[in-house]
Amino acid sequence: MAEQPVFLSNDVVARFLSYDELIPRLEEVLGRFSRGSSSDVVQPVRSVIPIHNHSGFLGLMPAYIAHEDTLCTKMVAFYRREENVNLPSTQATVLLFNPEYGNVTAVMDGLDITHKRTAAVSAISAKLLMPAQSDVLCILGCGHQAVSHYEIFTKLFSFKEVRVCSRRLETAERFAAGVQGPVTVLSSAKEAVHGADIIITVTNSSKPVLFGEWVKPGAHIVAVGACRPDWRELDDVLMRDAVIYVDSREGAAVESGDIILSGAEVFAELGEVLNGTRPALRNKTTVFKSLGMGIQDAVAAKLVFDEWKSSQ
Ligand SMILES: NC(=O)c1ccc[n+]([C@@H]2O[C@H](COP(=O)([O-])OP(=O)(O)OC[C@H]3O[C@@H](n4cnc5c(N)ncnc54)[C@H](O)[C@@H]3O)[C@@H](O)[C@H]2O)c1
Ligand SMILES: O=C(O)[C@@H]1CCCCN1
């Protein structure tokens with residue numbers, strides 16, 4: 001008879017999930033995904049059901065990675081909260097299976113996985129696409145993802161200045177007081193992005209927050225929010241003028257309002273750049289449109305489970 005699944009709380013997951021181990025695994029799986037062999041990496045586009053009564057949606061994200069025999073599903077609920085509402089914007093649960101029998105081996109809280117793997121993939125895009133001389137980082141939006149993005153970007157790269165701006169000044173000030181390291185808080189997004197070499201948009205906005213005319217030519221934009229086909233973070237000018245990279249072409253064509261509504265062409269998947277089959281056009285203005293993928297959660301969950309198991 002199959003063993004009962006273990007439950008790993010968010011604290012335990014966070015203890016066993018390090019960026020140093022996560023990043024190379026994400027690079028590897030993104031490369032495999034973009035080679036397009038469905039016998040190696042299987043990941044359907046996320047199924048999403050809207051939760052109309054509560055301004056949220058539930059996404060189901062199954063994935064199977066054959067070479068490491070990882071079978072996993074994340075279920076993630078996201079709500080567009082006002083900042084003064086004291087409820088979480090994201091709840092996530094990850095199920096890790098025994099692929100041979102189909103039983104669940106671990107049930108994990110998926111919050112830390114979601115925060116870290118998203119920020120880690122953004123950092124991979126920056127390694128590949130940000131200008132060689134990048135002095136100024138700007139983060140638009142000061143919620144949970146902003147925290148993990150700040151953490152990994154300031155760990156991996158050295159900026160002369162990190163600026164933040166959120167919809168409300170108090171949110172940006174609270175963010176600045178909570179992170180380890182210097183931050184300049186600005187009340188205007190236009191001022192915050194002026195001259196920035198890299199701009200991360202991590203908002204829950206459904207309308208553009210970043211406009212092409214504000215952006216320094218050659219900057220790299222990491223667009224993490226706007227994950228529904230009718231949500232935007234970037235305007236048409238930026239989407240038209242920049243070279244667009246995505247995590248998954250298939251996902252972007254179904255889920256990204258910035259791509260669908262602007263009619264922008266996708267130039268490459270991040271995995272294609274990692275594989276060397278498409279170039280990293282560092283000298284151009286580039287956008288990495290991130291939507292999040294089940295394979296990213298799967299490699300993170302496997303890492304956590306293996307580390308936890310060897311600690312027992
Ligand atoms: N790409 C991925 O893999 C991935 C993964 C997880 C979350 N997300 C998305 O990332 C976004 C942020 O997630 P989160 O967990 O940090 O959400 P959150 O609710 O914690 O934070 C959202 C932040 O956006 C700010 N904001 C809203 N409108 C703004 C505007 N016009 N200008 C500046 N700031 C504005 C809010 O003030 C808040 O600080 C969401 O859209 C979420 O769906 C993407
Ligand atoms: O890939 C994810 O986990 C997220 C969840 C919230 C919405 C966008 N994508």
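The secondary structure of the protein consists of eleven helices and 15 strands. The model is a predicted one. Its C-alpha trace extends over about 60 × 45 × 40 Å along the principal axes. The radius of gyration is 19 Å. For 312 residues, a compact globule would have a value near 20 Å, so the protein agrees with that expectation.

Burial and surface were examined next. Of the 312 residues in the protein, 54% are buried.

One pair of helices was examined in detail. Two packed helices are described by the angle between their axes and by the distance between those axes. Helix α3 covers residues 111-129, and helix α11 covers residues 294-310. Their axes come within 10 Å of each other. The crossing angle is roughly 115°. The crossing of α3 with α11 is right-handed. On the α3 side, the contact is made by I113, T114, R117 and V121. On the α11 side, Q296, D297, A300 and A301 take part. By class, this contact of α3 with α11 holds four nonpolar residues, two polar residues and two charged residues.

Technical notes:
Residues numbered from 1 in each chain as written. Chains lettered and ligands numbered in written order. Predicted model: local features only at pLDDT ≥ 70, side-chain atom pairs only at ≥ 80, totals over all residues. Heavy atoms only, no water. Axes fitted to C-alpha atoms, helices over the stretch in contact; angles between N-to-C directions. Helix = DSSP H or I, 4+ residues; strand = E, 2+ residues; numbered from the N terminus. Left-handed = near helix turned anticlockwise from the far one by under 90°. Contact = heavy atoms within 4.5 Å. Nonpolar A, V, L, I, M, F, W, Y, C, P; charged D, E, K, R; others polar. Rg over C-alpha atoms; globule rule 2.2 N^0.38 Å. Buried < 20%, exposed > 50% of the residue type's maximum accessible area, 1.4 Å probe, protein only.
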